[in-house]
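Hi there,

Here is the structure I promised to pass on. My notes on it follow below.

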Amino acid sequence: ELVGRVRDRFGNDFEIWFAGDLVNRGPQNLRVLRRVRELMDSGRARAVLGNHDLSLISAHLGLRRPRPRDTFTDVLADPQADDWIGWLRRLPLAETGQIDGDGFAVVHASVHPDWTLDEVSRAARRAGERLSSSDPKDAAEFLAADPAADPERQTLARLTSARAVDDAGGFSPTLPERPVDAWHRRWQRRKHDYGVVYGHWAVQRLYVAPGLRGLDTGCVHHGRGSQGALTAWLPDLPRSSRVEGSGGVFAVPDDRFLHVLAHSRYYGDAPQEAPSSAT
């Protein structure tokens, strides 16, 4: 539905950048992978890897068993599973670019607070090269490596799962105990000259701050005490409240978002339809 609304608005003059977790966030993973791959093949999309995509890769490579809440068994059982996993392993861990001269990075979870935009790109590329090895055994060894002893494996974990960061730059996937320990708070204090678009942090919901756009609005968590939605940021659209010299494309306030409300809840004994007022 979100892609359809984008097409209605822009025709074919668009490119969607997906912020990771293409799988394991709903019941029809193969349909999502086919849809995104078709968009990418037609030059209409890019995507970065998320932690749930890595969980699927790890399960396929024999590094973990599927868990009760995993929904990606349709991919594992598909006759083309090897091809799908190879395609996922080749997806980047970060995408970078410019909008109206403003540099930005798209990652699933976070970047190191000290990294420049070039350092984000280089670190992601080094880790991605090892994950996308032509030999799946090399990729499996990389995923099984200890992040504390392997800098590239640590980068992989930071980009796909980090939320909290300490004074020394060490990180954790858990929620920060203090607001100041959120990775983006420490990143923001460095006053970087680029912006970061990310997902992963569903509890945080939509996060709009100078230089930051956190887009995970909990679509898959719909019905767990809140209304879920899938959210896109449309940075090429003019802001209704834009003020010259206000900080470029990542300035605030910002009203350039497209929200598609969740239609179903996926947690519980079986998927349940959302109330009609929420669709």
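Which residues does L22 touch, not counting residues up to four places away in sequence? They are V32, L33, V36, A47, D53, W87 and L91, where a contact means heavy atoms within 4.5 Å.

Before the rest, a word on conventions. This is a predicted model, in which local features need pLDDT of at least 70 and side-chain atom pairs count only at pLDDT 80 or more, while totals for chains, interfaces and linings use all residues. Residues are numbered from 1 along each chain as its sequence is written, and side-chain values use heavy atoms, with hydrogens and water left out.

Buried means under 20% relative accessible area, exposed over 50%, and partly exposed in between, with a 1.4 Å probe and protein chains only.

**Helix α5**

Helices (H or I, at least four residues) and strands (E, at least two) are DSSP runs, numbered from the N terminus. Helix α5 covers residues 81-89, and seven of its nine residues are buried, so the rest of the structure largely encloses it. The buried ones are A81, W84, I85, G86, W87, L88 and R89. They pack against α2 (29-41), α3 (51-60), α4 (73-76), α6 (117-131) and α7 (136-144).

**Aromatic rings and charges**

Rings of Phe, Tyr and Trp (its six-membered ring) pair if their centres lie within 6.5 Å; planes under 30 degrees apart count as stacked, over 60 as edge-to-face and the rest as tilted. By this rule the count comes to five aromatic pairs. In one of them, the rings of W84 and W87 have their centres 6.0 Å apart and their planes at 85°, so this pair is edge-to-face. Both residues lie in α5, three residues apart, about one turn of the helix.

W183 and Y198 also form an edge-to-face pair, with 5.2 Å centre to centre and 75° between the planes. Since W183 belongs to helix α9 (residues 183-189) and Y198 to strand β7, the pair ties together parts that are 15 residues apart in sequence. W183 counts as buried because its relative accessibility is 0%, and Y198 is buried because its value is 0% too.

Two arginines sit over tryptophan rings. The rule asks for NZ of Lys or CZ of Arg within 6 Å of the ring centre and within 35 degrees of the ring normal. The charged end of R37 is over the ring of W84, 4.9 Å from its centre, and that of R158 is over the ring of W115, 6.0 Å from its centre.

**The sheet**

Two strands pair if DSSP finds at least two bridges between them. Five strands form an open sheet in the order β3-β4-β7-β9-β8, with mixed pairing. β3 (95-99) and β8 (207-209) are at the edges with a single partner strand each, so one side of each has no neighbour in the sheet. On average, neighbouring strands are turned by 15° against each other, direction ignored.

β3 and β4 (residues 102-106) pair in the antiparallel sense over five bridges; I99 stands opposite D102, and E95 has V106 as its bridge partner. Their hairpin has two residues between the strands, and D100 takes a positive phi near 50° there. β4 and β7 run parallel and are joined by four bridges, with Y194 in β7 as the bridge partner of G103. Four of the five residues of β4 are buried, so the strand is largely enclosed by the rest of the structure.

**Another strand pair**

Strand β10 (residues 229-233) is mostly covered, with four of its five residues buried. β10 pairs with β11 (residues 257-261) in the antiparallel sense over five bridges, and W233 stands opposite F257 in β11.

Happy to talk any of this through.

Best wishes

Conventions
Axes fitted to C-alpha atoms, helices over the stretch in contact; angles between N-to-C directions.
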